[in-house]
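Hello,

Here is the structure I promised to pass on. Please open it, and then read my notes below.

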Amino acid sequence: MAVSILFVCLGNICRSPTAEGIFRHMVREQGLHDRIQTDSCGTAGYHIGAKPDKRSLATAQKRGYDFSDLRARKLEAKDLDRFDHILVMDKSNLDDTLQLANESNKHKVQLFLSYHTDNDIVEVPDPYYGGPDGFEHVVDLIEDASANLLKSLK
Ligand code: 4NP
């Protein structure tokens, strides 16, 4: 049985596709792609069908990640039943995702950075309206948390 992970942010063009792309890369590198399935989505529908933001793709590409195949979609209530772990980028995503949850699936929803090495870091900040440093910071946070998430699943 495969375990399934869903990464969630607001627009599904910056943070959650970056998380899916980096985590997927680590899963493939370790030959675990038959056992760990990944997806991402946004709580808002502004960018449905769009490619990841060019700035996210360019920042991650410098470190060897490619997720240009991903396309944005909106979170649906049934995702909370379909996926084993629903990992959200910030507290606002947490509130919005829990709005769609019920008693039997709400335990699956967690802040992704609960896997970060530094317990004081809890949110992946939205880089959309900021400069390039914000995108670098997103990749730094996601690389750390992804490595720990993968260790915890093994
Ligand atoms: P994301 O970033 O949630 O990391 O994909 C955003 C992308 C788009 C918007 C906001 C955040 N937007 O307002 O269009």
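How many helices and strands does the secondary structure of the protein come to? The count is 5 helices and 4 strands. Keep in mind that this is a predicted model.

**Overall build**

The elements run β-α-β-α-α-β-α-β-α. The radius of gyration is 14 Å, close to the 15 Å that the globule rule gives for 154 residues, so the protein is as compact as a globular protein of that length. Along the principal axes, the C-alpha trace spans about 40 × 35 × 35 Å.

Now look at the inside and the surface. Of the 154 residues, 47% count as buried. The exposed surface comes to about 7,900 Å². Carbon and sulfur atoms supply 49% of that surface.

The contacts reach along the chain. Take those between residues at least 6 apart in sequence: 73% of them join residues at least 24 apart.

Charges come next. The protein has 19 positive and 24 negative charges. Their mean positions are 5 Å apart.

**Cysteines**

How many disulfides does a search of the whole structure find? It finds 0. Cys 14 is in no disulfide, and its nearest cysteine sulfur, that of Cys 9, is 7.0 Å away. A disulfide needs the two sulfur atoms within 2.5 Å. Cys 14 is also buried, with a relative accessible area of 5%.

Is Cys 41 buried or exposed? Cys 41 is buried, with a relative accessible area of 0%.

**Two loop residues**

Find Asn 12 first. It sits in the loop between β1 (3-9) and α1 (15-29). Asn 12 has a positive phi of about 60°, although it is not a glycine. For background, most residues other than glycine have a negative phi. Asn 12 is buried too, at a relative accessible area of 2%. The cut-off for buried is under 20%.

Then go to Gly 49. Its place is in the loop between β2 (36-42) and α2 (54-61). Gly 49 counts as partly exposed, because its relative accessibility is 47% and that class lies between 20% and 50%. Which residues does Gly 49 touch, leaving out those up to four places away in sequence? They are Arg 71 and Ala 72. Val 88 is 39 residues from Gly 49 in sequence, and the two C-alpha atoms are 20 Å apart in space.

**A buried strand residue**

Finish with Leu 87. It lies in strand β3 (residues 85-88). At 0% relative accessibility, Leu 87 counts as buried. Leu 87 and Phe 7 are 80 residues apart in sequence. In space, their C-alpha atoms are 4.9 Å apart.

What does Leu 87 touch, not counting residues up to four places away in sequence? Its contacts are these:

- Ile 5, Leu 6, Phe 7 and Val 8 are among them.
- Gln 110, Phe 112 and Tyr 115 are also among them.
- Leu 149 is one of them as well.

Best wishes

How values were computed:
Residues numbered from 1 in each chain as written. Predicted model: local features only at pLDDT ≥ 70, side-chain atom pairs only at ≥ 80, totals over all residues. Heavy atoms only, no water. Rg over C-alpha atoms; globule rule 2.2 N^0.38 Å. Buried < 20%, exposed > 50% of the residue type's maximum accessible area, 1.4 Å probe, protein only. Contact = heavy atoms within 4.5 Å. Areas by Shrake-Rupley, 256 points an atom, 1.4 Å probe, with all protein chains shown as cover. Lys, Arg positive; Asp, Glu negative; His and termini not counted. Charge placed at Lys NZ, Arg CZ, Asp CG, Glu CD.
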